[in-house]
Every structure is written in C-alpha cells, then in structure tokens.
Amino acid sequence: MQSFISYDVQADEVYNDEGDVTGQDQYVLIEKLYVAPADRRQGKGRTMLREALAEIAAQQPGMDVRLAALPFGEDAIDMADLVAFYESEGFSIDNCDGHAVIMKL
C-alpha cells in the first residue's frame with residue numbers, strides 16, 4: 001500500500017440543555033495518515049501532514065482540525081509515538097474514547 005492522507009469536512013449537531021438541536025459544529029477531520037513501511041522515518045508523514053494542513057487552511061480558513069490517533073495495520077506505529085508525533089505538529093489531546101486518542105489543532 002502506498003502512503004496517503006485523507007480528510008473531509010464533518011459536522012456534529014449542537015444541542016441546548018433541553019436537548020434541542022441549536023446548530024452544527026463543523027470541523028475538518030483528518031481520517032487517515034498512512035506511511036508505507038519503506039517510507040517511514042524519512043519525514044514523509046510529517047511532510048504529508050503539513051501539506052494537508054496548508055491545503056485545509058487555504059480551503060477552510062479558521063475551521064478547527066481534528067483527528068483520531070489510532071494505529072492500524074500489523075506494522076503500525078506505537079500509540080504513544082503516534083500521539084507524540086501529532087503533538088510535535090501542534091495537536092493536543094482532546095479526549096480518549098477507549099479506542100483512539102482524539103486530538104485537536
């Protein structure tokens with residue numbers, strides 16, 4: 001499999017105290033960032049992430065960017081290393097859902 005990054009605009013409904021929908025919270029979700037094993041430790045993932053963030057900023061100025069840090073595949077990076085990578089690019093932990101670490105820029 002070749003290296004790739006994918007992202008899309010998402011929207012969550014916003015509710016008031018009575019449970020009524022009052023609007024939407026739109027954000028860009030980075031869905032996957034995969035670096036092929038042969039391309040790892042060469043800066044390819046960092047470059048793809050930075051290019052995607054620049055594109056997002058140009059297309060969706062001011063919109064929040066989020067991701068779910070979740071290692072996948074047999075040769076996946078360790079979760080702690082994955083979170084540290086995203087933190088080094090300015091993301092911070094928003095919460096953990098027991099499955100993935102949700103991060104925001």
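**View A. The start of helix H2, where a side-chain oxygen of Asp78 reaches to within 3.1 Å of the backbone nitrogen of Ala80.** Please keep in mind that this is a predicted model, in which local features need pLDDT of at least 70, side-chain atom pairs count only at pLDDT 80 or more, and totals for chains, interfaces and linings use all residues. Residues are numbered from 1 along each chain as its sequence is written, and side-chain values use heavy atoms, with hydrogens and water left out. Helices (H or I, at least four residues) and strands (E, at least two) are DSSP runs, numbered from the N terminus. Past the other end of H2 comes Gly90, with a positive phi near 100°.

**View B. The buried side of H2.** Four residues of this helix, Leu82, Val83, Phe85 and Tyr86, are buried (under 20% relative accessible area with a 1.4 Å probe, protein chains only; exposed is over 50% and partly exposed is in between). Because they cover an arc of only 155° around the axis, they lie on the same side of H2; the arc is that of the directions from the helix axis to the C-beta atoms. An α-helix has 3.6 residues a turn, so residues three or four places apart point the same way. The cover over the buried residues of H2 includes E2, H1, E3, strand E4 (92–96) and E5.

**View C. The largest nonpolar core, with 18 residues.** Such a core is a set of buried Ala, Val, Leu, Ile, Met, Phe, Trp, Tyr and Cys residues joined through side-chain atoms within 4.5 Å. Look for Ile30, Leu49, Ala69, Tyr86, Phe91 and Met103, the members with the most contacts inside it. Two or more residues each come from strand E2 (21–34), helix H1 (44–59), strand E3 (64–69), helix H2 (79–88) and strand E5 (101–104).

**View D. The parallel strands E2 and E3, joined by four bridges.** The chain crosses from E2 through H1 to E3 in a right-handed β-α-β crossover: with the strands pointing away from the viewer, the path from the first strand over the helix to the second runs clockwise. Strands count as paired if DSSP finds at least two bridges between them. Here Ile30 stands opposite Leu67 of E3, and Leu29 has Arg66 as its bridge partner in E3.

**View E. Arg66, a buried residue of strand E3.** Its relative accessible area is 12%. On the E5 side, Arg66 has Lys104 as its bridge partner, within an antiparallel pairing of E3 and E5 over four bridges. Not counting residues up to four places away in sequence, Arg66 touches Asp12, Asp25, Tyr27, Val28, Leu29, Ile30, Met103 and Lys104.

**View F. Two hairpins, E1 with E2 and E4 with E5.** Strand E1 (residues 4–15) runs antiparallel to E2 and is joined to it by twelve bridges, with Ile5 partnered by Leu33 in E2. Five residues lie between these strands, and Gly19 in the turn has a positive phi of about 90°. E4 and E5 are also antiparallel, joined by four bridges, and Asn95 stands opposite Ile102 in E5. Four residues separate these strands, and in this hairpin Gly98 takes a positive phi near 80°.

**View G. Two glutamates, Glu89 and Glu55.** Glu89 lies in the loop between H2 and E4 and counts as buried at 14% relative accessibility. Glu55 lies in helix H1 and is partly exposed, at 41%. The side chain of Glu55 makes a polar contact with that of Tyr7 at 2.3 Å. A polar contact is a pair of N or O atoms within 3.5 Å; within protein, one must be able to donate a hydrogen and the other to accept it, and residues adjacent in sequence count only if both atoms are side-chain atoms.

**View H. Stepping back to the whole chain.** Two helices and five strands make up the secondary structure, in the order β-β-α-β-α-β-β along the sequence. The C-alpha atoms fill a box of roughly 50 × 35 × 25 Å along the principal axes. Of the 105 residues, 27% are buried.

Key:
Contact means heavy atoms within 4.5 Å.
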